[in-house]
Amino acid sequence: MASESRLYTFSATTEEKLRKFRLGTSRAKSPQAVVYQIDKHTLEIAQVDDTIYDNLQDLGDELPDHSPRFVLLSYPLTLPSGRLSVPYVLLYYLPVTCNAELRMLYAGAKELMRNTAEVGKVIEIGEAEDLETIEEKLGGEA
């Protein structure tokens, strides 16, 4: 992680937003998601806007067709045992149509984003429609 932390940066504001989102969504009753991107010029990882998505359909509509994104997702679900679980995961959105430069940019930052956001799991998705199967992918955590 040493080389990634020298290349990519998080502002103090971004780190605080990451911490607040992680702590604030641990008891959420509905899905909560925020989208992050990398500035190609400064290599700073930052939240796209202040929107917190509580609907995966709206989130899917906002994801770009040709550019990767990191999506932090807190998704409440009931496990087969009846217990409520709120997994906190990183969705690594990597559309098949994005160019090689962007693929490399985001691939290099994935582990740093995972560690900085303190997520439990990384799930790779290739298109917005993959959001429809997220609950099944998260259910396997039990």
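The model is predicted, with local features needing pLDDT of at least 70 and side-chain atom pairs counting only at pLDDT 80 or more, while totals for chains, interfaces and linings use all residues. Residues are numbered from 1 along each chain as its sequence is written, and side-chain values use heavy atoms, with hydrogens and water left out.

Start with the rings. A pair of aromatic rings is described by the distance of the centres and the angle of the planes. Here, rings of Phe, Tyr and Trp (its six-membered ring) pair if their centres lie within 6.5 Å; planes under 30 degrees apart count as stacked, over 60 as edge-to-face and the rest as tilted. That rule gives 3 aromatic pairs. Phe21 and Tyr88 make a tilted one, at 6.2 Å centre to centre and 45° between the planes. This pair ties together distant parts of the chain, 67 residues apart, with Phe21 in helix 2 (residues 12-24) and Tyr88 in strand 6 (residues 88-93). Helices (H or I, at least four residues) and strands (E, at least two) are DSSP runs, numbered from the N terminus. Phe21 and Tyr88 are both buried, where buried means under 20% relative accessible area, exposed over 50% and partly exposed in between (1.4 Å probe, protein chains only).

Phe70 and Tyr92, on the other hand, are stacked, with 5.8 Å centre to centre and 25° between the planes. They too link distant parts of the chain: Phe70 belongs to strand 3 (residues 69-74) and Tyr92 to strand 6, 22 residues apart. Phe70 counts as buried because its relative accessibility is 0%, and Tyr92 is buried at 3%.

Strand 6 is largely enclosed by the rest of the structure, because 6 of its 6 residues are buried. One side of strand 6 has Tyr88, Leu90 and Tyr92, the other Val89, Leu91 and Tyr93.

Two strands pair if DSSP finds at least two bridges between them. Strand 3 runs antiparallel to strand 1 (residues 32-38) over 5 bridges, with Leu73 as the bridge partner of Ala33. Strand 3 also pairs with strand 6 in the antiparallel sense, over 6 bridges. There, Leu73 stands opposite Val89, and Leu72 has Leu90 as its bridge partner. Strand 6 pairs in the parallel sense with strand 7 (residues 121-125) over 5 bridges, and Leu90 stands opposite Val122. The chain gets from strand 6 to strand 7 through helix 4 (residues 100-117), in a right-handed β-α-β crossover (with the strands pointing away from the viewer, the path from the first strand over the helix to the second runs clockwise).
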